[in-house]
Amino acid sequence: MSRHRNIRSINVNEEYEGYDDVYGHSVEDDYCVSPSEAAFVYDREGSKSKQKISAFFQSVTEENEEPESREANLSEIDKARLESCIEQINQVLGCGISRQELINIILLYNFNVEKAINFILGCPQYKHVTEKKAAAIPKDVDSSNIKVVTPGPKTTNVTKGFDLVQKEVTRLNVTPRSQSPASGRVTPVNAPDQNDETKGAKQKDSKLDANEQYKKERGGAKENLYMVVIGHVDAGKSTLMGHLLCALGQVNQKTMHKYEQESRKVGKQSFMYAWVLDETGEERNRGITMDVGRSQFETETKLVTLLDAPGHKDFIPNMISGAGQADVALLVVDATRGEFETGFDFGGQTREHALLVRSLGVGQLAVAINKLDTVMWSQERFNEIVQKLKVFLKHAGFKESDVAFVPCSGLTGQNLIRKPTESELLQWYSGPCLLDVIDNFRTPERPVAKPFRFSINDVFKSTGSNFCVSGRVETGTLCLGERVLVCPSRELATVKGLSIEEVSQQTVFAGDQVSVTLSGIDIQNVSIGYILCLPQNPVQIASNFQARIVVFNVTVPITKGYSVVMHHQSLVEPVIVCKLINQLHKSTGEIMNKHPRCLSNNSSATVEIKSSRPLAIELYSECKELGRIMLRVGGVTIAAGLITKIIL
């Protein structure tokens with residue numbers, strides 16, 4: 001037979017049939033020899049200086065298989081807590097205890113680092129660890145003063161370890177697979193040298209006392225205030241705020257001249273001030289605000305971020321998103337005869353907007369009675385509007401002392417930033433101008449000491465492989481380099497950048513509108529309405545919860561199984577009212593009727609709500625910012641409520 005085969009006419013399928021079964025295997029054996037095992041099989045240097053093969057396989061089995069079996073039963077959050085505990089114990093005691101022993105001890109004490117450390121220090125089996133740690137203590141330090149620092153109740157970032165001062169800070173190298181909540185953080189366990197002011201030391205100080213850090217960084221600056229402008233469509237909101245910004249010098253004369261010429265060409269010269277905030281072509285062509293416009297200006301004591309919300313009923317979801325970011329509100333009403341009645345009495349947005357901002361937690365309100373020049377600055381017309389609004393706003397939940405009324409004109413600029421000059425107005429009005437009313441707003445207390453919560457209202461791509469999320473820090477603080485948990489997807493990410501109004505920051509606090517650059521997570525796993533939190537204090541995730549709601553004017557009564565659209569911060573989610581639990585007295589909150597058949601106008605009740613997917617929510621008693629909901633049907637807001645119980 002020839003040594004060379006004729007392969008041109010060979011039938012490959014028949015000739016090599018069955019070769020796939022033994023591909024990558026030895027012909028005589030039924031198992032595959034991996035390269036790592038082969039290195040030990042073909043060891044030509046002898047086995048005197050190296051371990052035997054049997055010892056190698058035994059160690060692999062003991063060290064790898066058992067931890068995987070123990071950790072496989074843990075959830076993603078528990079795995080993150082486990083890695084955080086391991087790193088903290090290693091930072092305190094150093095190396096010397098195997099990973100599996102640490103896992104067993106941590107699980108034994110239910111992730112309590114303090115108890116785990118005390119157990120190790122008191123166990124004779126780990127005497128070599130304590131002796132090694134004691135040898136590292138300087139001689140001038142009294143060993144009796146060494147103590148384990150325990151965390152207080154619901155404290156998010158308290159350093160646990162020995163109360164010693166060391167110049168060198170050693171950190172544990174954590175593998176990317178560990179997803180430790182502390183692996184991306186730069187907070188040192190031991191206090192560094194006083195001359196070495198590192199970023200880690202700054203983060204440690206901010207976490208130990210967030211209020212002190214907030215006063216230190218923001219105490220000397222003007223207070224930040226976020227104000228949303230609301231009102232019926234065509235009430236003159238954008239024109240009023242645009243003229244205010246122009247009068248304060250926020251818009252240069254060249255730009256205003258350009259707006260004046262362009263608006264005159266399209267026959268809308270009166271809209272030139274509105275174009276300061278309405279920047280898109282569609283908004284200018286239609287003459288209405290469609291999205292929330294943002295701008296900044298300063299008063300004597302405050303730095304005000306202006307949120308110009310749309311007034312048209314089709315864009316109320318955008319208005320809710322803007323109002324959810326605000327501290328105070330400015331309600332603009334049209335004093336023209338017939339226009340105020342249209343927006344207030346005949347299904348306009350004046351009532352709905354006022355109810356929405358109050359339901360979203362805004363307690364201070366200024367009412368700008370605009371276009372009063374069209375009625376010749378009539379005092380009777382001003383008093384008529386004030387009386388109607390006072391009664392309504394009191395029923396809506398606003399305190400009379402927290403509401404101020406200002407007559408003004410957005411087109412002529414009267415009574416905006418200085419006292420009016422119109423003699424007809426001066427005859428009967430001697431109160432403050434609009435800018436003074438805004439400056440007199442009280443800045444809400446910032447809950448910087450609470451667990452960190454951040455609501456996402458936008459997701460966009462940034463430079464490089466990272467992406468950004470923008471939103472509001474509802475509670476707590478966040479530092480650059482920290483690890484955060486994205487809920488409800490439960491994905492871990494690292495904070496690579498923080499910025500406020502395109503200015504980079506090292507630390508942000510509750511109440512700030514922030515852009516956060518994230519890495520280590522896919523952009524597809526983050527959506528508008530998601531919540532960022534710290535892994536040590538995750539937000540609750542559930543699809544069922546109970547809420548106490550107040551029903552507004554509804555055309556169809558709310559019954560069991562009623563489908564509605566829920567607004568929770570920036571989240572818009574279809575839900576079902578699956579149970580009517582109690583009907584309550586609107587004033588006292590007493591139970592009037594158990595398991596009512598329906599809920600009609602102006603009623604209050606406790607209901608159970610169910611969503612099709614898990615949501616990141618909080619109890620109102622624990623986090624007011626994430627405990628409020630709005631219910632809408634067919635473009636109309638029918639109820640607002642507070643989350644009272646989460647059903648897990």
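Which residue in E14 is the bridge partner of glycine 497? I looked this up in the model, which is a predicted one, and found that the partner of glycine 497 is threonine 517.

**Entry 1: strand E11 and its partners**

I then followed E11, which covers residues 491–500, and noted that 8 of its 10 residues are buried, so the strand is largely enclosed by the rest of the structure. With E14 (residues 513–519), E11 runs antiparallel and is joined by 5 bridges. With E10 (residues 483–487), E11 is also antiparallel, here through 4 bridges, and I recorded leucine 485 and leucine 492 as bridge partners between these strands. I looked at the turn of this E10–E11 hairpin, where 3 residues lie between the strands and arginine 490 has a positive phi of about 60 degrees.

At E12 (residues 503–504) I found 2 bridges to E11, again in the antiparallel sense, with isoleucine 500 partnered by valine 503. The hairpin that E11 and E12 make has 2 residues between the strands, and in it glutamate 501 takes a positive phi near 55 degrees.

**Entry 2: aromatic pairs**

A tilted pair came next: phenylalanine 382 and tryptophan 428, with 5.2 Å from centre to centre and 45 degrees between the planes. Here too distant parts of the chain are linked, with phenylalanine 382 in helix H16 and tryptophan 428 in the loop between helix H17 (423–426) and helix H18 (434–439), 46 residues apart. Phenylalanine 382 and tryptophan 428 are both buried.

I also noted one aromatic cluster formed by Phe340, Phe344 and Phe392. Over the face of phenylalanine 344 lies arginine 351, at 4.2 Å from the ring centre, while the charged end of arginine 358 sits over the ring of phenylalanine 398, 5.7 Å from its centre.

**Entry 3: the whole protein**

Of the contacts with a separation of 6 or more, 69% are between residues 24 or more positions apart. The accessible surface comes to about 34100 Å², with 48% of that area belonging to carbon and sulfur atoms.

Definitions and conventions: Residues numbered from 1 in each chain as written. Predicted model: local features only at pLDDT ≥ 70, side-chain atom pairs only at ≥ 80, totals over all residues. Heavy atoms only, no water. Phe/Tyr/Trp six-rings, centres within 6.5 Å; stacked < 30°, edge-to-face > 60°. Buried < 20%, exposed > 50% of the residue type's maximum accessible area, 1.4 Å probe, protein only. Lys NZ or Arg CZ within 6 Å of the ring centre and 35° of its normal. Contact = heavy atoms within 4.5 Å. Areas by Shrake-Rupley, 256 points an atom, 1.4 Å probe, with all protein chains shown as cover. Pairing = 2+ DSSP bridges.
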